Amino acid sequence: IVVAHLDSGVDTQHPALLNSNEQYAVFETKGQPVTPTGPYRDGDNHGTKKAGTLDARLVDGGPVIGMAPDVELIDATIVGHGDSITRILAGMNWALEKGARVLNLSVGFPGYRESFEALIKIVRKQHLLPVVAIGNDGPHRTRSPGNSPTVRSGGATDSDDKVATFSSSSEPGDKAVGPMLCAPGVKVLSAKPGGGYRESDGSSMATPHVAGLAALLFGAKPDATIDEVEQAIVRSCSNPAGEDTVRIGAGIPDGIGA
C-alpha cells in the first residue's frame, strides 16, 4: 500500500526509517520540483516524527513505534522555508501520479479556505484518502484543509483518552468542521532526525496514527474503496472518556474493531 507523506522531509538515514522512503520529491515555494543534494533530509524535524509513527521498522533495542511498517511510504517536502498552497498542490499532484491510496498531511492554514474544497474533491475522485491534522490552536479555531468536510481530520488525545487542550475544533454551524475523530497526540514517542527517539505533542502526531490505520485496512482489503475504509474507521470509534463530541468528533478509532 502506497502512503503519501507530505511534510518537511524525512531523515532517511534513521535506522528505523532506513530504506522506507525510496521515492521522494522536494518542491520549492512556487511548486516547482528541485533536486535534493546528498541524502534526503528533514528540514525542521517535523516530518521525521510523523514518518516514524506511520511506518518505522523495528530496530534491535528500539521501541515499536510504526503503525504500518510494511507500507511503501513516499515523501514530498512541501513545508519549511516558505510555506505556500502551491507547494501543497504540487505535493498532492505528485502523490496522485505515484498511485498513493492514503495521503497524510499535517499542514494547515488558519481559518476556513473554500478554495481547498475543489482540490480535495479531485483527490478523492482519484481514490486517494486524505487524512489531515485539524491544528493545534485550541477550541473554536481550525485550519484548512483539515477543516474541510471532505477530509478525515484528526485531533489529539492524551493517554487518558481526553482531548488535548491544544487540539483544535470548530464551532457548531461553522463552514469549517472537525475534528472528524481523534487519535493519540500527547507524548507520542517517535523517531527524531539524526537517530534516536523523542516524545512530541500535536495533532500532527495524531494524524499518522489514523493514516497508518487506513493503510492497514487497505492492506487487509486491497479492493476496498476509500469510502469503505473511511466508514470502517468511523464506525469503530468510541468516546471512552465522555468528551464533548465537538472536540472529539466520532471519537477514537479501534483498529481491531475497524
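Modeller: Before we start, two strands pair if DSSP finds at least two bridges between them. Keep in mind that we're looking at a predicted model.

Biologist: Okay, how many bridges join strand 1 to strand 4?

Modeller: Strand 1 covers residues 2-7, and it runs parallel to strand 4. Pairing takes at least two bridges. For these two strands the number of bridges is 6.

Biologist: Which residue in strand 4 does His5 stand opposite?

Modeller: Strand 4 spans residues 72-77, and strand 1, residues 2-7, is joined to it by bridges. In strand 4, the residue opposite His5 is Asp75.

Biologist: And how many bridges join strand 2 to strand 4?

Modeller: Strand 2 is residues 23-27, and it also runs parallel to strand 4. Tyr24 stands opposite Asp75 there, and Asp75 is the residue that His5 stands opposite too. The bridges between strand 2 and strand 4 number 4.

Biologist: How many residues of strand 4 are buried?

Modeller: Strand 4 has strand 1 joined to it by 6 bridges and strand 2 by 4. It's mostly covered, and the buried count, out of its 6 residues, is 5.

Biologist: Let's move on. Is Ala156 buried or exposed?

Modeller: Ala156 sits in strand 9, residues 152-157. Leaving out residues up to four places away in sequence, it touches Val163, Phe166, Cys182 and Gly202, among others. The cut-off for buried is under 20% relative accessible area. Ala156 comes in at 0%, so it's buried.

Biologist: What separates the C-alpha atoms of Ala156 and Ile252?

Modeller: Along the chain, these two are 96 residues apart.

Biologist: Now the cysteines. How many disulfides does the structure hold?

Modeller: A disulfide here needs two cysteine sulfur atoms within 2.5 Å. The closest cysteine sulfur to that of Cys182 is in Cys237, and at 9.0 Å it's too far for a bond. Cys182 is buried at 0% relative accessibility, and Cys237 counts as buried at 13%. The number of disulfides is 0.

Terms used:
Residues numbered from 1 in each chain as written. Predicted model: local features only at pLDDT ≥ 70, side-chain atom pairs only at ≥ 80, totals over all residues. Heavy atoms only, no water. Buried < 20%, exposed > 50% of the residue type's maximum accessible area, 1.4 Å probe, protein only. Contact = heavy atoms within 4.5 Å.
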